[in-house]
Amino acid sequence: MPAFNRRDFFLHALAAGTIAPAIIGTTSSVGQASGSGTLRVPTAREANDLNPWKYSGLWVVSSLIYDPLVSYGPGGKIVPALAESWTVSNDGLDYVFNLRKGVTFSDGAPFNADAALWNLKHWIGQSDHSWLSVSANFEAMRKIDDDKIDIKLKAPASAALIELSTINPMRFLSPASADADGNYVKPVGTGRWVVVSSSANGTEFVRNDKYWGDKPGHDRLSIPVIPEGRSRVAAMRAGELDMMGGSFAAKISPQEAETLKTVTGVTVVTDTGTDTIVLGFNPNRAITKDPAVREAISLCLDRAAIAKVVMAGYADPTANLFPPSVPYAGRREPVPNRDVEAAKQKLEAAGWTGDATRQKDGVPLALELVISEDAVPGSRSLSEVIQSQLNEAGFGVTIRQVDHVTRHDDIPNMKYDMSLFITNGAPYDPHGSITIFFLSTFTSGTDGKMFVDAERLDPLLLKALGADENGRDAAYQAVLDWLRDNHAICPIYHAKRIWAHTDRVTKFVFPTTEYEMPDKGVVLTS
């Protein structure tokens, strides 16, 4: 299995409960595009390999080219895309998809059952993609007719439809764009945009006038690569860009957002985030194994001040693992007020005494906080605040800053006392984060754990991951309650989604996830 970035993982194969039969469908009105103009949106790195079956390409770019069978809609609702309807058997093993009729790839090749199965064979059921439950549990697939396919699983996978809504490797390439052996040659999909060129400098698109749905109102899309945030702000100020932002396109820091707010003709827009910054603990270390220590750490944190100062207000302080924008996020917990005296009392009762750095049985209350700006942007500033706030209660905290590669070695190998983590966000949560960060039997190879307890927590996790729709809310709430009651983690804040656009963009619509480019619904002036 190849190594993936934290956000490239989802749910491993897990047994699930019975899924009630579902029949879902809608019709789509095809909009006729007549407008012209070029929308200019930067990314921080190049698109790279746009092969839809690999993981190396920039997904926000891939999402413009390739469509899924189903899409992830607002609030996590699964809605039609290339499949206009589908049914799921009572036992959760058979998924029958009714494909949208009359759809073609941008090269004119038909999208039908043969094309769908040809694409699926490139990844489903293969070991490299076993992190997807729909792939790990795959048994067979067949063509029912030209517009209908059946995917059969050997065990239920409650996250199957969510997985099929994501980007790589689930999207569909034109068979006509492959070589004689079926290997990828060039990026041709059924999506809204057609690639004209792609290089280290950027990717250029023209509108796909064969698109089956509502077409863009502008006929060109330019995505220049601008790695530096300051350079992107300067380009926005100079009128060389129309909009920018997004966690995986060209992230805007809170400080950059404040700068952009002062630029005439630029509007900064925010939305509820889908991920959470969490302080996690190594449960194998003697000090952090103590729940009283973990509770005292939580009491020391001033979440509201962190959100206001470190994030300049572009975050919501929280005590919840997931924001309300994620399905099954649980009831909202009150954000605890900072209470250093209560933290000191908890430590005293647990035997941690003394001035300056406390001690217990001759062992100092000294903790190492491992951070990486590559993995968690802004973690240096945040870690310094955490260090200062914990010092007041008698903790001795040292900060060890590492690069991306070192973090992805140290954290999985438990070479830390505390570390900062980011949950996966939509569409991968809650399933993805509770599997990757808490389930003791799952190893992603790169991410490590916020906390594990094989005896007490694993059974709750497995029950939640295997719950049917009727029992899922309660099952996830039981997991979240356990984490809270055992002070297993310290959620800190949900960062807001930030985009900025010029007055040339008269309508802006946030995409449902940060893995997509917000080109849908954009209205440009001439």
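Predicted model: local features only at pLDDT ≥ 70, side-chain atom pairs only at ≥ 80, totals over all residues.
**Entry 1: α12 against α13**

I then checked the geometry: α12 covers residues 431-438, α13 covers residues 458-465, and the two pack at an angle of about 155° with axes 11 Å apart. Angles over 145 degrees count as roughly antiparallel, so that is how α12 runs relative to α13. On the α12 side I found His431, Ile434, Thr435 and Phe438 making the contact, and on the α13 side Asp458, Leu461, Ala464 and Leu465. I sorted these residues into five nonpolar, two polar and one charged.

**Entry 2: α13 against α14**

Next I followed α13 to helix α14, which spans residues 472-485. Their axes come within 8 Å and cross at roughly 155°, which makes α13 roughly antiparallel to α14. This crossing is left-handed. From α13, I noted Leu460, Leu461, Lys463, Ala464 and Leu465 in the contact; α14 brings Arg472, Ala475, Tyr476, Ala478, Val479 and Trp482. My tally for this contact came to nine nonpolar residues, two charged and no polar.

**Entry 3: a pocket**

Then I turned to the second largest pocket, with its volume of about 890 Å³. Which residues lie nearest its centre? I found Ser71, Val79, Tyr211, Glu516 and Lys520 there, out of 40 lining residues. I also asked which elements each supply at least two residues of the lining. Helix α1 (59-65) does, and so do strands β3 (70-72) and β4 (78-80). By type, I counted 19 nonpolar, 13 polar and eight charged residues in the lining of this pocket.

Note on methods: Residues numbered from 1 in each chain as written. Heavy atoms only, no water. 1 Å grid on protein atoms, 1.4 Å probe; cavity = no way out; pocket = protein on both sides within 12 Å on 5 of 7 lines; lining within 4 Å. Points joined across faces, edges and corners; volume = space filled by probe spheres on them. Helix = DSSP H or I, 4+ residues; strand = E, 2+ residues; numbered from the N terminus. Nonpolar A, V, L, I, M, F, W, Y, C, P; charged D, E, K, R; others polar. Axes fitted to C-alpha atoms, helices over the stretch in contact; angles between N-to-C directions. Parallel < 35°, antiparallel > 145°, perpendicular 65-115°, else oblique. Contact = heavy atoms within 4.5 Å. Left-handed = near helix turned anticlockwise from the far one by under 90°.
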